[in-house]
Amino acid sequence: MKMVAAVIKHFKLDDVRKALTDMGIQGMTVIEVKGFGRQKGHMEVYRGVEYEVKFLPKVKVEVVVPDDREHDVVNAIMSAARTGEIGDGKIFIYNLSDIIRIRTGERGEEAI
């Protein structure tokens, strides 16, 4: 089993959610995050004073999938989140040793 975590732009969240639900993904976790990569932040003006925003707001989407769905999920996220501009985000893939559904005690892929 894999956890696919994608850090994307806020305005692409609905596109990513639709792409994943259209392919049968039944659940995901969405977390508001801040960070920076090559963008390095940007300058903003507030009440006439210019200041640097070092951490940019993004959204992190986490999806747990069986190993055989990893490639399809990654491609769906890439297609839905891509704008072609710097700051489109990153996808991280983690191996999961086990998953347990708290309510029923189911384990492994049955718990997804």
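Guide: A pocket is an open set of points on a 1 Å grid over the protein atoms alone, with protein on both sides within 12 Å along at least five of seven lines, and lining residues have an atom within 4 Å of a point. Its volume is the space filled by probe spheres (1.4 Å probe) set on the points, joined across faces, edges and corners. The model is predicted: local features need pLDDT of at least 70 and side-chain atom pairs 80 or more, while totals for chains, interfaces and linings use all residues. Residues are numbered from 1 along each chain, and side-chain values use heavy atoms, without hydrogens or water.

Visitor: What volume does the second largest pocket have, and which residues lie nearest its centre?
Guide: The volume of the second largest pocket is about 280 Å³. Its lining has 16 residues. Nearest the centre are Gly27, Met28, Val63, Val64 and Ile112.

Visitor: Which element gives the most to the lining of the largest pocket?
Guide: The largest pocket has a volume of about 320 Å³. Among its 16 lining residues, Phe36, Gly37, Lys58, Gly89 and Lys90 are the closest to the centre. β2 (29–35), β5 (56–65) and β6 (strands are DSSP runs of E, at least two residues) each supply at least two residues of this lining. The most, 3 residues, come from β2.

Visitor: Is Asp88 buried or exposed?
Guide: Asp88 is found in the loop between α2 (70–81; helices are DSSP runs of H or I, at least four residues) and β6 (90–95). Buried means under 20% relative accessible area with a 1.4 Å probe, protein chains only, and exposed over 50%. Because its relative accessibility is 16%, Asp88 counts as buried.
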